[in-house]
Amino acid sequence: MLLPEVRVDEPVTISAAAGLLGITVDTVRYYEKEGIAPAPDRGQDGWRRYDTAALSWLAGTVMLRGTGMSVQEMREYAAAYRAGADDAERLALLERHHATVLGRQAEVQRHLAALERKIDAYRRTIAARRPETAESTGPSMSGRSHPAQAEG
């Protein structure tokens, strides 16, 4: 994977790798166990050591997961890479995922617009009540619709 890239001068432990990537040690181990990330080399002490290449692969995995790619899809991508799939095959996998992400993004935008309309309705209702005098025993609801009813 090309991006995002994490560079280190010397290979680092699994704890340091997890810290650099903002994930847990258990997550790193899980990705390795599932075949999503290749197992790194081990030092003379037997501990995993992550070089720049291993960290870059893991960073790409974190990015794909962050975009909502399923574990199964990440397995397929990693398997295609290990099997020597050509660039066009790997590109097709990523383009399909990209289209899925764009679809989800459009859906989130629609929901966000509805949420903003709901917030605006509440703000208008609250602003309309401000001129009421302190003598009032409470907000008057006569003649006003509730924002939740007005905007659905």
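Predicted model: local features only at pLDDT ≥ 70, side-chain atom pairs only at ≥ 80, totals over all residues.

Colleague: Let's start inside. How many residues does the largest nonpolar core have, and which have the most contacts inside it?

Modeller: The largest nonpolar core has 27 residues, and the ones with the most contacts inside it are Leu 21, Val 28, Tyr 50, Leu 55, Leu 58 and Met 74.

Colleague: Which helices each supply at least two residues of this core?

Modeller: That would be α1 (14-21), α2 (25-33), α3 (52-66) and α4 (71-82). The largest share comes from α3, with six residues.

Colleague: And Leu 58, what does it touch beyond four places away in sequence?

Modeller: Leu 58 touches Leu 21, Val 28, Tyr 31, Ala 37 and Tyr 50, once residues up to four places away are set aside.

Colleague: Switching to aromatics. How many aromatic pairs are there?

Modeller: The structure holds three. One of the pairs is Tyr 30 with Tyr 31, whose ring centres are 6.1 Å apart.

Colleague: Why is that pair tilted?

Modeller: The planes of Tyr 30 and Tyr 31 are at 55°, so the pair is tilted. To count as edge-to-face, planes have to be over 60 degrees apart, and stacked means under 30.

Colleague: Are those two tyrosines buried or exposed?

Modeller: Tyr 31 is buried, at 7% relative accessible area, while Tyr 30 counts as partly exposed at 32%.

Colleague: Which residues form an aromatic cluster?

Modeller: Trp 57, Tyr 77 and Tyr 81 form one.

Colleague: OK, charges. How many salt bridges do you count?

Modeller: The count comes to six. Among them, Arg 90 forms a salt bridge with Asp 87, with the closest N and O atoms 2.7 Å apart.

Colleague: How far apart are Arg 90 and Asp 87 along the helix?

Modeller: They are three residues apart in helix α5, so about one helical turn separates them. As for cover, Arg 90 counts as buried at 15% relative accessibility, but Asp 87 counts as exposed at 58%.

Colleague: What does the Arg 75 and Glu 34 pair tie together?

Modeller: Arg 75 lies in helix α4 and Glu 34 in the loop between α2 and β1 (41-42), so the pair ties together parts that are 41 residues apart in sequence. Arg 75 is partly exposed, at 26% relative accessible area, and Lys 33 is exposed, at 63%.

Colleague: Last one: which residues make a nonpolar surface patch?

Modeller: Leu 112, Leu 115 and Ile 119 make one of about 230 Å². Leu 115 is found in helix α5 (residues 87-129) and is partly exposed, with a relative accessible area of 48%.

Conventions
Residues numbered from 1 in each chain as written. Heavy atoms only, no water. Patch = residues over 30% accessible without salt bridge, like charges linked within 9 Å, V, L, I, M, F, W, Y side chains within 5 Å. Areas by Shrake-Rupley, 256 points an atom, 1.4 Å probe, with all protein chains shown as cover. Salt bridge = Lys/Arg side-chain N within 4 Å of Asp/Glu carboxyl O. Helix = DSSP H or I, 4+ residues; strand = E, 2+ residues; numbered from the N terminus. Buried < 20%, exposed > 50% of the residue type's maximum accessible area, 1.4 Å probe, protein only. Phe/Tyr/Trp six-rings, centres within 6.5 Å; stacked < 30°, edge-to-face > 60°. Core = buried A, V, L, I, M, F, W, Y, C linked by side-chain atoms within 4.5 Å. Contact = heavy atoms within 4.5 Å.
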